[in-house]
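Biologist: Please take one part of this model and go through it closely. Keep it brisk, and tie the pieces together.

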Amino acid sequence: MGRLHTIENRKGKQDAKRAQIFTKYARLITVAAKEGGADPEYNPSLKNAIDKAKAENMPNDNIERAIKKGAGGDDSENYESITYEGYGPGGVAMIVETLTDNKNRTAGNVRHYFDRHSGNLGTTGSVSFMFDRKGEILVEKKDSVVEDELMEVALDAGAMDFITEDDCYVIYTEAKDFPKVKDALTNANYELLSADVKLIPATYAQIDESQEKMLEKLLDELEEDDDVQNVYYNIK
């Protein structure tokens, strides 16, 4: 009985987590469709949002509903993109990207999370200069992937950098070239572990074990907030 209860608890948490992820992607899709139109072929932001949602097994009905909501200009939930900058435990530079329909609520929550975990919010521009917006694409290292061929496809499509890690290949692009490089790799039948435009740190900070635990707690709280879309920080 105890084991069954544990499994049910875990399943409940997984279901809640999945529902939360779907909520965030629905919001992202709605905003992308509202800003750039309902056709993903002519709206790279929407296409990327749909691809990320599908990678998380978000049902097609949910995706279509979010697109229609955005394309229909439904103002009942008028989301605003707001970015917060600051420092986490140990002076880790952090950027929090949100989509919110109530900026006072979101600002209060984000400030509370930082205050509670030895961080502090700064002004716009206080840490963003430490990051560059780039496309980042990961391809798993496996026998079927020939490094030289992968590199050639990526660079020919406009990639700016190609890095070999222990377990994967990392391809960086300029933000504007990301859709083109991603499509070239997909069309060449490469399976992408992840693909997104991100803020990549120019330099990395070092923190101790206790600060790392505080950072993990801060990241957990930020991730659990429906308004928070992305969190970037400069430790590996």
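Modeller: This is a predicted model. Start with helix α6. It lies across β4, β6 (168-174) and β7. The direction of α6 makes about 160° with that of β7.

Now the sheet under discussion. Four strands build an open sheet, ordered β5-β6-β4-β7, and their pairing is antiparallel. β5 (161-164) and β7 are the edge strands; each has a single partner strand, so one side of each lacks a neighbour in the sheet. On average, neighbouring strands of this sheet are turned by 25° against each other, direction ignored.

The partner of β7 is worth a look. Strand β4 (residues 131-140) pairs with β7 over nine bridges, in the antiparallel sense. Asp 132 stands opposite Ile 200 in β7.

Strand β7 spans residues 192-201, and Asp 196 lies in it. Is Asp 196 buried or exposed? Its relative accessibility is 12%, under the 20% cut-off, so Asp 196 counts as buried. Its side chain makes two polar contacts of interest here. One is with the side chain of Asn 48, at 2.9 Å. Another is with the side chain of Lys 52, at 2.8 Å. Set aside neighbours within four places in sequence, and Asp 196 is in contact with Asn 48, Lys 52, Lys 134, Gly 135, Glu 136 and Phe 178.

Helix α2 covers residues 44-55 and helix α6 covers residues 178-187. They pack at an angle of about 45°, with axes 11 Å apart. The crossing of α2 and α6 is left-handed. On the α2 side, the contact is made by Pro 44, Lys 47, Asn 48 and Asp 51. On the α6 side, it is made by Phe 178, Pro 179, Lys 182 and Asp 183.

Now put the parts together. Asn 48 belongs to the α2 side of the helix contact, and its side chain also makes a polar contact with the side chain of Asp 196. Phe 178 belongs to the α6 side, and Phe 178 is in contact with Asp 196 as well. Asp 196 itself sits in β7, one of the strands that α6 lies across.

Terms used:
Residues are numbered from 1 along each chain as its sequence is written. This is a predicted model: local features need pLDDT of at least 70, side-chain atom pairs count only at pLDDT 80 or more; totals for chains, interfaces and linings use all residues. Side-chain values use heavy atoms; hydrogens and water are left out. Helices (H or I, at least four residues) and strands (E, at least two) are DSSP runs, numbered from the N terminus. Buried means under 20% relative accessible area, exposed over 50%, partly exposed in between (1.4 Å probe, protein chains only). A polar contact is a pair of N or O atoms within 3.5 Å; within protein, one must be able to donate a hydrogen and the other to accept it, and residues adjacent in sequence count only if both atoms are side-chain atoms. Contact means heavy atoms within 4.5 Å. Axes are lines fitted to C-alpha atoms, for helices over the stretch in contact, and angles run from 0 to 180 degrees between N-to-C directions. A crossing is left-handed if the near helix is turned anticlockwise from the far one by less than a right angle, and right-handed if clockwise. Two strands pair if DSSP finds at least two bridges between them.
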